[in-house]
Amino acid sequence: MKLNRKELRKIQYDFNSYSNRLLQANYKDYAGVLAKFVRYIDGTPIISDYIHGCGSCEWDLEKEIKEVQGSHGGLIFSLGETDEEEIRNVYAVLRYLVENNSSVYCGVAMGYSFSSKWQDKIKGFNERFVMVLIRHVERYLTKIGIDMGIDEKNVYNVTVQNGQAIIANDNSSVTATTNIGATANEIEQLITAVRTKMDTLTSDEDKEAVSESLEVIEAEVVSEKPKKSMIKTAIASLQAIKGTVEFGSAVAALIQFVGPMLS
């Protein structure tokens, strides 16, 4: 598929929106919200291809799901030993639940919380099962964004082989990863991108920490003798902050370009 960085950011935004809605859904609305989440994945090639590239679930889904449902909270799903197994197994279960209109909060989610409240069981199911798939997809999309660089106009051919993204320039026939020197102008663009995404953070302390870290990086990278220790500390501070997918992507892109200065 052909994709530029701007289009990728839109996909990241939409995936984050569908994911957050699912994670915050009321247990009475959960089945409908889950169906929309699965339909979005199936209708977004860059995500769907990634999941299917991890292989097919080898479980007898009907048997597995009936066992978990029938245990009345005594059993939960096994995720698998590898990243690929986790991705394909979680997706397969969610898709089966949607296709068969299976109950979640009073069915497969029962064993994910000791609480007697239905909402807590949905919360536990999301945190211990659904989030596994969400985090894998977030990481995958972020890595593609890093490989694309910062130019939003460049168009890339993105294909998936065995769960790995292969990125090439639009007119290129070879696998390519964009390598861009850390010039002052490019660093400034990357820092501006992080500052823009900083507004999505909910904690004032986190915003202040981001702002201070960016000021350190901004000052040191243009210095004749940058202090590597200060840059490393600033980077560590940014990495410690948990924000949205877009914020994480912007931070990762900045770190990708600053990294060579520390070697």
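What separates phenylalanine 125 and phenylalanine 129 in helix H7? The two residues are four apart in H7 (residues 118-148), a separation of about one helical turn. The views below are close-ups of a predicted model.

**View 1. Phenylalanine 125 and phenylalanine 129 in helix H7.** The ring centres of phenylalanine 125 and phenylalanine 129 lie 5.2 Å apart and the ring planes are at 25 degrees, so this pair is stacked. Planes under 30 degrees apart count as stacked. Both phenylalanine 125 and phenylalanine 129 are buried. An α-helix has 3.6 residues a turn, so residues three or four places apart point the same way. Phe125 and Phe129 belong to one aromatic cluster, together with Tyr30, Trp59, Phe77 and Tyr112.

**View 2. The aromatic pair of tyrosine 27 and tyrosine 105.** Across the whole structure, 11 aromatic pairs are found. In one of them, tyrosine 27 and tyrosine 105 are arranged edge-to-face, with 4.8 Å from centre to centre and 65 degrees between the planes. Tyrosine 27 sits in the loop between H1 and helix H2 (30-42), while tyrosine 105 is in helix H6 (residues 104-108), so the pair ties together parts that are 78 residues apart in sequence. Tyrosine 105 has a relative accessible area of 26% and is therefore partly exposed.

**View 3. Glutamine 12 in helix H1.** Glutamine 12 is placed in H1, which covers residues 5-23. Its relative accessibility is 2%, so glutamine 12 counts as buried. Buried means under 20% relative accessible area. Apart from neighbours within four places in sequence, glutamine 12 contacts Leu141, Thr142, Val245 and Ser249.

**View 4. The packing of H1 and H11.** The axes of H1 and H11 come within 9 Å and cross at roughly 140 degrees, which means that H1 is oblique to H11. On the H1 side, the residues that meet H11 are Arg5, Arg9, Gln12, Tyr13 and Asn16. Their counterparts in H11 are Val245, Glu246, Ser249 and Ala253.

**View 5. Helix H10 and what covers its buried residues.** H10 (residues 228-239) has 12 residues and reaches 16 Å from its first C-alpha to its last, close to the 16 Å expected at 1.5 Å a residue. Ile231, Ala234, Ile235 and Leu238 are buried in H10. Down the helix axis, the buried residues of H10 fall within an arc of 100 degrees, so they line one face. Exposed Ser229 and Thr233 are carried on the face turned away from the buried side of H10. Helix H9 (204-221) and helix H11 (245-258) are among the elements covering the buried residues of H10.

**View 6. The buried and exposed faces of helix H9.** H9 has 18 residues, and its first and last C-alpha are 26 Å apart, close to the 26 Å expected at 1.5 Å a residue. Val210, Ser213, Leu214, Ile217, Glu220 and Val221 are the buried residues of H9. Seen down the axis, the buried residues of H9 lie within an arc of 135 degrees, so they line one face of the helix. Asp204 and Glu205 are exposed, on the face of H9 turned away from the buried side.

**View 7. The packing of H4 and H5.** Helix H4 (residues 61-70) packs against helix H5 (residues 83-99) at an angle of about 80 degrees, and the axes are 11 Å apart. That makes H4 roughly perpendicular to H5. Leu61, Glu62 and Ile65 of H4 make the contact with Ala92, Val93, Tyr96 and Leu97 of H5.

Key
Residues are numbered from 1 along each chain as its sequence is written. This is a predicted model: local features need pLDDT of at least 70, side-chain atom pairs count only at pLDDT 80 or more; totals for chains, interfaces and linings use all residues. Side-chain values use heavy atoms; hydrogens and water are left out. Buried means under 20% relative accessible area, exposed over 50%, partly exposed in between (1.4 Å probe, protein chains only). Contact means heavy atoms within 4.5 Å. The expected span of a helix is 1.5 Å times one less than its number of residues. The arc is that of the directions from the helix axis to the C-beta atoms. Rings of Phe, Tyr and Trp (its six-membered ring) pair if their centres lie within 6.5 Å; planes under 30 degrees apart count as stacked, over 60 as edge-to-face and the rest as tilted. Axes are lines fitted to C-alpha atoms, for helices over the stretch in contact, and angles run from 0 to 180 degrees between N-to-C directions. Angles under 35 degrees count as roughly parallel, over 145 as roughly antiparallel, 65 to 115 as roughly perpendicular and the rest as oblique.
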